[in-house]
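Please look over the sequence and the structure first.

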Amino acid sequence: MQVIRESLAWAEEAGGQFFDAELHRIRAGLLLRMQRMDEAEGSYRKAMEVAREQGARMWELRATCDLAQMQPDLGLHAEAHGLLAPIHGWFTEGFEGNNLQRAKALLEGLLRRAQCTR
């Protein structure tokens, strides 16, 4: 966590915030492992926001996948699907890549789980 804090501070000082979205996503993953769910969710959302502002769609997809993967554990299948589906829909190529394959599998799983809870 200290390395992430220092990296974010350095990026702000240097004015090179290119990796901020990914740093927030990594921070969220660490918080999640520490069972700090609310903070993890906030950090995933911050990662999504930063990526969106930068037009970094792949990083937004990665952060959204992580958040969507966390939400079914909280019983939020439909919300998770609603967050991820539009972002996945932006892409028109690169579907053989790991990030898009993961997003597709996650969307399919969320849809199945949402249908099972109806």
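The model is predicted: local features need pLDDT of at least 70, side-chain atom pairs count only at pLDDT 80 or more, and totals for chains, interfaces and linings use all residues. Residues are numbered from 1 along each chain as its sequence is written, and side-chain values use heavy atoms, with hydrogens and water left out.

**Overall fold**

The protein has 6 helices and 0 strands; helices (H or I, at least four residues) and strands (E, at least two) are DSSP runs, numbered from the N terminus. Of its 118 residues, 38% count as buried. Buried means under 20% relative accessible area, exposed over 50%, and partly exposed in between (1.4 Å probe, protein chains only). The accessible surface comes to about 7100 Å², and 52% of this belongs to carbon and sulfur atoms; the areas come from the Shrake-Rupley method with a 1.4 Å probe, and for residues only the protein chains shown count as cover.

**Helix 5**

Helix 5 covers residues 77-90, and its 14 residues should span 20 Å at 1.5 Å a residue; the end C-alpha atoms are 21 Å apart, which agrees. The expected span is 1.5 Å times one less than the number of residues. Its buried residues are His77, Ala80, Leu84, Ile87 and His88.

Arg25 lies in helix 2 (residues 20-33) and is buried, with a relative accessible area of 14%. Not counting residues up to four places away in sequence, Arg25 touches Tyr44, Ala47, Arg62, Ala63 and Asp66, where contact means heavy atoms within 4.5 Å. Ile26, also found in helix 2, is partly exposed at 37%.

**Salt bridges**

The structure holds 9 salt bridges, each a side-chain nitrogen of Lys or Arg within 4 Å of a carboxyl oxygen of Asp or Glu. Three of them are listed here.

| Pair | N to O distance |
|---|---|
| Glu39 and Arg36 | 2.8 Å |
| Glu49 and Lys46 | 3.9 Å |
| Glu60 and Arg52 | 2.9 Å |

Glu60 is buried, at 2% relative accessibility, whereas Arg52 is partly exposed at 47%. Elsewhere, salt bridges that share partners join Glu22, Arg25, Arg62, Asp66 and Arg102 into one network.

Glu49 and Lys46 are 3 residues apart in helix 3 (residues 37-54), so about one helical turn separates them. An α-helix has 3.6 residues a turn, so residues three or four places apart point the same way. Glu49 is partly exposed at 34% relative accessibility.
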